[in-house]
Amino acid sequence: MPASPTTLATLTTRFGPLPTSEFRGQPRVVVARDQLLGVMRALKDDLRFDLLVDVTCVDYLNYRDAANRFGLVYLLANTDTNERLTVRVYLNEPNLTVPTMYDVWKGADWLEREVFDMFGIVFEGHPDLRRILMPEEFTAFPLRKDYPLQGRGERHNFPVLTRSEA
Amino acid sequence: MAIEVPENVVVTKLDELASWCRKNSLWPMPFATACCGIELMATGASKHDLARFGAEVFRFSPRQCDLMIVAGRVVMKMLPVLQRIWQQMHEPKWCISMGACASTGGVFDTYSVVQGIDRFIPVDMYIPGCPPRPEQLIQSIIDLQDKIQREGTVEGKEFETASRQQTKRALVELPMYGRKSLVAH
């Protein structure tokens, strides 16, 4: 279901002109970091995007024509009208913090923990920002493009049990 | 002059008697983490009928088992669990590495997947396949029974000699995957 024209119009009147694009009828909007929480609250409370489908991240390192390192992606849905909207925030090192969406959608809890685990994006105000997939003692962020596919040897950093000692 | 032995008495060696008892009463511990586990279940079910080889009693407690069947890939977070379960099993115990993933990591050559459980626990039998057919698993159990009968001793001396395998399971990456200095500490 494509976005109704009122959604983007409402955002533009409230927050000024935002860069938008469309892919196969699905609208996407790019938001600045300091506007993010306000935009998301407006989308949730006034435009009734009541479902946070996913939070994910893209690492644009070595990507052609990319101006920013990370693109944080929020996928929203309105379960009454089936309208969908993609919200993006671009982030660059060294400041990889964004406000948490936990207070807006409770479902952001584990989604943001996964993005933190894989990309190292810090969600300020998150109640429990721990690793969710990797072991706690893991130190790297494995889905960053500068992390080697086979890791840095963490997968073999375990004691060896032999017949005589087990 | 030969000593008369009654008809209902059989003479054998104690080691062979113990091994004969052990090999025909293997109690598998299913460590099934992936699709190999489905073949493992099929092997235990009526069609392939592992009971014919005395190994049908799958127990989910390591305290009651003596054969660990690792069926599937093992990731970094699972390996300490695997080692703990292996340590909880009673001697004498054996291990079958079932399928490509458990034996070598298979197609999952990534940062989180252990490239073969034999780097960290002792393995007696490897089964190729992705996943192996139940017949292959049955064949490996028959081979393991053979091995137990051939090498088994009452005191478990055969396990002490296996410490020679330690150098094989070295804590180094293969050269193609990067330098040793990159191993995290």
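Of the 185 residues of chain B, 35% count as buried. Buried here has a cut-off: 20 or more other C-beta atoms within 10 Å of the residue's own, with C-beta atoms placed from the backbone. For chain A, with 166 residues, the buried share is 26%.

A word on the source. This is a predicted model, where local features need pLDDT of at least 70 and side-chain atom pairs count only at pLDDT 80 or more, while totals for chains, interfaces and linings use all residues. Residues are numbered from 1 along each chain as its sequence is written, and chains are lettered from A, ligands numbered from 1, in the order in which they are written.

Now chain B. Six helices, four strands. Both are DSSP runs, numbered from the N terminus: helices are H or I with at least four residues, strands are E with at least two. The order from the N terminus is α-β-α-β-α-β-α-β-α-α.

The four strands make an open sheet, E1-E2-E3-E4, with parallel pairing. Pairing takes at least two DSSP bridges between two strands. Twist averages 15° from one strand to the next. E3(B), residues 94–98, pairs with E4(B) over three bridges. In E4(B), B:Tyr126 stands opposite B:Ser97.

Next, the helices on that sheet. H5(B) packs on the sheet and touches E3 and E4 of chain B, at about 165° to the direction of E4(B). H2(B) lies across E1, E2 (67–71) and E3 of chain B, at about 150° to E1(B). Angles run from 0 to 180 degrees between N-to-C directions; axes are lines fitted to C-alpha atoms, for helices over the stretch in contact.

How do these two helices meet, and at what angle? H2 (36–44) and H5 (134–151) of chain B pack at about 70°, axes 9 Å apart. That makes H2(B) roughly perpendicular to H5(B), a label for 65 to 115 degrees. H2(B) brings B:Glu39, B:Leu40, B:Ala42 and B:Thr43; H5(B) brings B:Pro134, B:Leu137 and B:Ile138. Contact means C-beta atoms, placed from the backbone, within 7 Å.

Last, chain A. Three helices, seven strands. The pattern reads α-β-β-α-β-β-β-β-α-β. Its C-alpha trace spans about 70 × 35 × 30 Å along the principal axes. Take the contacts with a separation of 6 or more: in chain A, residues 24 or more positions apart account for 50%. In chain B, that figure is 79%.

Definitions and conventions. Parallel < 35°, antiparallel > 145°, perpendicular 65-115°, else oblique. Contact = placed C-beta atoms within 7 Å. Buried ≥ 20, exposed ≤ 12 C-beta atoms within 10 Å, placed from the backbone.
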